[in-house]
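Visitor: Hi, could you walk me through this one? I'm new to it.
Guide: Happy to, here it is.

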Amino acid sequence: MTEKARTERIQQVYGAKNLEELRTKYEGWASDYDADLEALGFKSPMAAAEFLEKYVPDKGAVVLDAGAGTGMVGVELARRGFTGITALDMSPGMLETAREKGVYEDFVIGELGKDLPFETGTFAGTTCVGVFTYGHATPEAMDELIRVTKPGGSVVFSIRTDYYVDGGFDVKQTALEEAGKWRLLERSEPFLAMPNGEPDAWHEIWAYEVL
């Protein structure tokens, strides 16, 4: 498959009208997802894993990969020594592919933007990569990411730069900070997330400490 065809498939996913359509698209994409994103040079999983390692130094800590997909972030976390990783995704097919990688302790089906099936303060760190983008999770999903992360723990996520204001993330993140829910630890410089075929997909990685 050409890089152009892979990019067009991603654009179709961005165009999902609702979560049910999005889930269906991911179910059909699960077997080819890794090959597509690797061919496009997807950088965000590695960048997010580097941030989590920086702010969650305990490699034995229980961490959440929210919107885990096929487990690309989990692989990067495991390479850095993390052993207690939980994968959360709305697509059983994507989670089944993630299971094959052998890097997760647990697999949970759930949707970002809804109540997550975890106790408050379960995780020392949480990642969320490739989810805050067109046709996917809204800023309201951040409330639950904060809730399931321990005070003093870190929430690390990617956002498409052209969706940051359009999607209302600037307002939501500021409101959560002003409400004393979290504080900013670090914001990366913008980078081209898929340099081999997605010229408009610029990402930033954000890290917050939960208060």
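Visitor: Which residue in β8 is the bridge partner of Leu 192?
Guide: That is Trp 202. A strand here is a DSSP run of E with at least two residues, numbered from the N terminus. This is a predicted model, where local features need pLDDT of at least 70, side-chain atom pairs count only at pLDDT 80 or more, and totals for chains, interfaces and linings use all residues. Residues are numbered from 1 along each chain as its sequence is written, and side-chain values use heavy atoms, leaving out hydrogens and water.

Visitor: Which strand does β8 pair with over two bridges?
Guide: Strand β7, residues 191-192, in the antiparallel sense; strands pair if DSSP finds at least two bridges between them. Strand β6 (residues 182-187) also pairs antiparallel with β8, over five bridges, and there Arg 187 has Trp 206 as its partner.

Visitor: And how many bridges join β5 to β8?
Guide: Seven, again antiparallel. Ser 158, for instance, is partnered with Ile 205 of β8.

Visitor: Why is β8 largely enclosed?
Guide: Because eight of its nine residues, in the stretch 202-210, are buried, meaning under 20% relative accessible area with a 1.4 Å probe, protein chains only.

Visitor: New topic: is Thr 149 buried or exposed?
Guide: Thr 149 is buried, at 2% relative accessible area. It is found in strand β5.

Visitor: What does its side chain join in a polar contact of 2.8 Å?
Guide: The side chain of Thr 126. A polar contact is a pair of N or O atoms within 3.5 Å; within protein, one must be able to donate a hydrogen and the other to accept it, and residues adjacent in sequence count only if both atoms are side-chain atoms.

Technical notes: Buried < 20%, exposed > 50% of the residue type's maximum accessible area, 1.4 Å probe, protein only. Helix = DSSP H or I, 4+ residues; strand = E, 2+ residues; numbered from the N terminus.
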